[in-house]
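User: Hi! I'm new to this one, could you walk me through it?

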Amino acid sequence: MADIAYIVDEKGQRTHVIVPLKTYETLLALQELLKSGPLAHDELYYLNFKQHQAYGYPQGLKSNPQFVLIKGSEVALTMAPSMPKRIVRLKEDLLNNQSLSLDVARNAFVLTRDIKCKSVSQAALLCSGMVINGMEAFKNKAGFSLRTSGYGRKKRIT
């Protein structure tokens, strides 16, 4: 760390860091990877609803991720009347191609394979049977939502 220097203000507080060019370039590359690169799925996010649980991981662009629901995730038996038709059709398709099976003991449908949803909210609506915001509903073990973890579109400051 001898290659790192600091610029301090008149109070002695560090305000800037001077680093070697190679370190700076590495940081820039890491920043780009975090912004738009493929995401690792080592951290699972959970959706708890009506004593059921679904889980999976975001995939793709951090600003607009898709969501992979993992085999064994539970899907509500019923859907709210306000459910968008595209979600109702998705559930019907999953039942027809046997990606969902009825588990009487769990009082839910259960995924028989991993499935990729077009969005986090599509996954949340499918599983919960309610209209909810997936970016807020899916949380990691520490209790942070996907939005809190840095996923989704950022609000523009005007």
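Predicted model: local features only at pLDDT ≥ 70, side-chain atom pairs only at ≥ 80, totals over all residues.

User: Is helix H3 mostly covered or uncovered?

Analyst: Mostly covered: 8 of the 9 residues in H3 (120–128) are buried. Buried means under 20% relative accessible area, exposed over 50%, partly exposed in between (1.4 Å probe, protein chains only). Helices (H or I, at least four residues) and strands (E, at least two) are DSSP runs, numbered from the N terminus.

User: Which residues touch the most others in the largest nonpolar core?

Analyst: Among its 27 residues, those are Phe67, Leu69, Leu126, Phe138 and Leu146. H3 gives the most to this core, with 6 residues. A nonpolar core is a set of buried Ala, Val, Leu, Ile, Met, Phe, Trp, Tyr and Cys residues joined through side-chain atoms within 4.5 Å.

User: And how many aromatic pairs are there?

Analyst: The count is 3. Rings of Phe, Tyr and Trp (its six-membered ring) pair if their centres lie within 6.5 Å; planes under 30 degrees apart count as stacked, over 60 as edge-to-face and the rest as tilted. Tyr46 and Tyr55 make a tilted pair, 6.1 Å centre to centre with 40° between the planes.

User: Which of those two is buried, and which partly exposed?

Analyst: Tyr46 is buried at 16% relative accessible area, while Tyr55 is partly exposed at 22%.

How values were computed
Residues numbered from 1 in each chain as written. Heavy atoms only, no water.
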